[in-house]
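Have the viewer open as you read.

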Amino acid sequence: MGDGAEHDGQRHGDPAHRGAPGSGGLDRRHFLGAAAAGVAVGMTAGCDTTAGRSPASGPADTRDADLAAERRRPGDPDWRIRSTGPPDAVQGYTDRVSVLPGEEFGLHVSTTAPGFRVSAYRVGWYGGAQARLVWCSKRLPGRAQGAPHLLPETRTVRAAWPRTLAVDTDGWPPGAYLLRLDADHGHQRYVPLIVRSRTTAGHTVLMHAVTTWQAYNRWGGSNLYEGEDGGYATRSLAVSFDRPYDADGAEKFMVYERALVVLAERLGIPLAYTTGVDVHLAPSALHGATAALSLGHDEYWTPQQRRHVTQARDAGTNLAFLGANACFRRVRLEPGPSGGIRTVVCYKTAYQDDPYFADHRDQPTHDFREPPGAAPESSLTGVFYEGYPTDAPYVVHSADHWLFTGTGARHGESFDHLVGVEYDRVTPEAPTPSALEIIAHSPLVCAGRRSHADSAYYTVPSGAGVFASGTMRWVEGLMAGQRDCGRDHGMDARTGSFVTRTTENLLHAFAQGPAARARPAPRANVLRVYGS
């Protein structure tokens, strides 16, 4: 899996992905027993109860000790899917995007098989196994659920299936989970779930991009890019979490996030887990965090999420944008039939057709950089999204920068295919932090036009450091040359080593507190690099 095929089919024809002025105009881009109608009525501990006492209780140092012990447990390498089968073979979704340890969530499943099982794997290092089986269900009766519902006003697709079972997460450590559905006929699908941390203070926080996962989800025929006929004009104007994800059920997480989770867990730094939705909901979601990480594809943000991330930065939380195109779309979150946030609204170029906009003129659901309410992402990320698609070498500019320590990279050294499929650059005409250093400056061609992708670093008075990779392939690069390379776009083991060491430097430094207190200040070089 990777970016190319996915984006080729979904960016094309989207006018909102055409560059704004100054962008070069480039095109963008846990078990209940059997019950009537398949709804569970009783709960059991399932097949695995080795998780022990939930880390949800006790002081922070105890929770950290619990997580350290979790990392020492043996993993279960048999977590990967072997056969997805036809799209309707087995599929499911949760009724919450995240839970706290000990909370319950509902799982909604449809399968053509007479029965299935659920296994919950926590993603991590685990001595190289990269996941551990935390819980599994007994065999459950299977049933094929009904066709999806289409809400005509917004062309929103909802599965609206009854709950199949309730899962109790008591004993589940915080983390990123893959719930694997194993149907009797041998086919499998994932359902992703984040078990979020109760506190982020003193931790590096992984912000999982669930709104972006949903924006690209074509299950039921439509997403925020295209309708069932493939056209932009028939796209959904709002998308629902009340449906499975397409493909293997967790494609966006697998491609753009999993490798970073594995690396961060291997390094042993204090970690906390959350989602963009949870950061949106609570101003305190990042309180006291040493760092917050935006992962490989994190395009869809609410203004509240952006405000809370910015406030965290200004209070000393380091930020890293380990992809491209982050914080690009302004969205609104709305409840679903069950209550709670279940809908992502983004009208894009049709924002004036949004009934909510009539009385909230300062809250359009379109690109952050566009009026009304223009607020280009570069004022936060340091870089400006410019184009899609491209494929280019990543070229080191500031070889002596502390982020590149131990990589052996020299000025001008390149790493083939690391820039793509979307990219960001520092754009002097856009709002850009003044004390910003371009540390990689990579020539490329996009839609026939020559430009550059940039990796950049800046600091703010709180001491927080902010890094942006400028390429959507950064997290994928962590897998380059390995068995889980996925669509590695031709990236080799040398590139994988470079990206891994650079990211290790970043994570270790950012885990220590405000980077400006211990690392060299950025050397402002935008005018020198761009000559204007």
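## The whole chain

The chain contains eleven helices and 25 strands. Keep in mind that this is a predicted model.

Of its 532 residues, 62% count as buried. The chain's accessible surface comes to about 18,200 Å², and carbon and sulfur atoms account for 53% of that area.

## A three-stranded sheet

Now for one of the sheets. Three strands, in the order S13-S20-S19, make up an open sheet with antiparallel pairing. Strand S13 (238-240) and strand S19 (332-335) are at the edges with a single partner strand each, so one side of each has no neighbour in the sheet. From one strand to the next, the twist averages 30°.

Take S19 and its partner, strand S20 (residues 341-345): the two are antiparallel and joined over four bridges. If you want a specific pair to click on, Leu333 has Val344 in S20 as its bridge partner.

## Helix H7

Helix H7 covers residues 303-314, twelve residues in total. From its first C-alpha to its last it reaches 16 Å, close to the 16 Å expected at 1.5 Å a residue.

Which residues of H7 are buried? They are Gln305, Arg306, His308, Val309, Ala312 and Arg313. As background, an α-helix has 3.6 residues a turn, so residues three or four places apart point the same way.

After H7 comes Gly316, with a positive phi near 110°.

Terms used:
Residues numbered from 1 in each chain as written. Predicted model: local features only at pLDDT ≥ 70, side-chain atom pairs only at ≥ 80, totals over all residues. Heavy atoms only, no water. Buried < 20%, exposed > 50% of the residue type's maximum accessible area, 1.4 Å probe, protein only. Areas by Shrake-Rupley, 256 points an atom, 1.4 Å probe, with all protein chains shown as cover. Pairing = 2+ DSSP bridges. Axes fitted to C-alpha atoms, helices over the stretch in contact; angles between N-to-C directions. Expected span 1.5 Å × (residues − 1).
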